[in-house]
Amino acid sequence: MFFLARVAEQRGGRFEWCFLPSSGEITWFKGLSVNSVKRFLRTVAFREATASDVALARQVWDDAETGTDESSRPDHADWVIGSGREYSAQDAVATQEPNHLSFVLKPHIKNEPREVEITVRKAFREQAHGLIALADDKKCLSALERPFPAPSHSKKNHREPSQAPRMEGWAPRYLTVLAGNYLVIHLSDGLLVRRLGQYEGETWNWFAPLPADARIAGIDIEKNVLKLVLLRQAGEKHRLAIQLFVLTVRSEEHVGSYISHRVHARDDLLNSRDYALPGIVDHDFHHGGSLDVFGRLGARYRLDRRGNLLQPEVPEILLSTGQHFIIDNSTASMSFLQVMRHRDEELVARYRPALEAMPVRFHDMVWSSDSTKFAYAQSAGAWFALGQSASSEAYADAELPFQTHDGERVLSINIKNNEVHALLWSDARIGGEGTIEAVRYRDGTRVRTTRPIDLGEDADRIVRIAQRNAKLLAIKVGLSGEPKEMISLRYKRPNAHNAREVFDLTAIADEAMLLRVKDAS
């Protein structure tokens, strides 16, 4: 009813409604109010409306319009809202009407929200069909006292919107997605590895407690094998330890194979950022090859089986998504960026920005694996999107410019029909609204394509958002900055009953299978 009232207001019409059946006379209400809805709830009758009830309501409407000149009577559309259940082998009254919204209450399931099946038909043709989950009764009744209040966030940490800062480092922090179906979450005391199954809710969890002196130098998952590279203090030198874990579900505790070498580590390898999850490049290390790890600023270090830690003449890494990384592989005659796969350094895509020379550091960049589209910013808010280069000719690819507002970060990018489609996070930590929204840009003009998703009152404690398929995964930290919760959001189906799920990371780690990290020796 609120939706229909809004449509009427937007189109300059008027909205009147009545409820069926009622005790006594049928009363038509003009517009909606809290009191009229409360009266509706108080007069609910324990019988279903009949066709004669609908006909009587229409007669009351016609009588109210009696005396009005036929030519001046406004056009009107009748909608009937009611139960879609069949009674006495007859169709429900609501479903007999040309325009109707019918609902069927689903059977109660213990400890689960009550669901309602909704169907919308216009001119007897189905327009929409789906399930909605009802909130608990207390929340529904409180909504009558304050209908549709505007979202409000805590003002305790409110700040004026500011430009998104320059990207800090190349490695993902807090959360990374590996091998398609693995989530790796860096907790304050270890690593939580979460494998997502084929079916909704199907998961397996492992937890690797990390020694206090250990820094993660690299991580990867391939064919259900976790490769964990740790850098630890060993006297005046450091020890680079590689441990492999086969992620099976048949044991409560896993002890992986272990290789360790004493090395002279550079400062940028030692001073990795807190909660960083850097990737590696494995050149068949366990069969006599080498293993590449990366420093804080992107420099590459190569460990061979004899324990030598070398620095090869290769481009620095600019950005890593966990499974892929981007490098500047420009030549004297051509500037271009390459996207490589961490696992085997296979070339995935290449891009030629319209730049005379590549900057030493970009302000920010985003690469979306599902669309293979790339975007970069040399200064805050001024972005350029481009598709994958299919030519080896020395000219720049066509770029599409777009602007972001203060407080916004770009999560993903796509290009369709010469339009930029972007998923934006308005980050409350830098004065944003604490929302996620999808927008598109055509010739620089911004248009919102979906209603923003509100991240809630604690939006200023969300530090990382990653995308996996049709879900967004957000990491929320505690007051001291340690990861506490993971929030799963179905941003393409925000009204689904499981559109928002919250997971207690500490509780999951406590119940997870144990990965035993070997002590330094």
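## Basis

This is a predicted model: local features need pLDDT of at least 70, side-chain atom pairs count only at pLDDT 80 or more, and totals for chains, interfaces and linings use all residues. Residues are numbered from 1 along each chain as its sequence is written, and side-chain values use heavy atoms, without hydrogens and water.

## The mixed sheet

An open sheet runs in the order β3-β4-β5-β6, 4 strands with mixed pairing. Strands are DSSP runs (E, at least two residues), numbered from the N terminus. Two strands pair if DSSP finds at least two bridges between them. Neighbouring strands are turned by 15° on average, direction ignored; axes are lines fitted to C-alpha atoms.

β5 (residues 115–122) pairs with β6 in the antiparallel sense, over 8 bridges. Here glutamate 117 sits opposite leucine 131 of β6.

## The antiparallel sheet

A further open sheet has 4 strands in the order β16-β17-β18-β19, with antiparallel pairing. β16 (281–283) and β19 (309–310) each have a single partner strand, so one side of each lacks a neighbour in the sheet.

β16 pairs with β17 (residues 290–294) over 3 antiparallel bridges. Aspartate 282 faces leucine 291 in β17.

## A residue of β4

Phenylalanine 103 lies in β4 (residues 100–105). Its relative accessible area is 32%, so phenylalanine 103 is partly exposed (between buried, under 20%, and exposed, over 50%; 1.4 Å probe, protein chains only).

Notes: Axes are lines fitted to C-alpha atoms, for helices over the stretch in contact, and angles run from 0 to 180 degrees between N-to-C directions.
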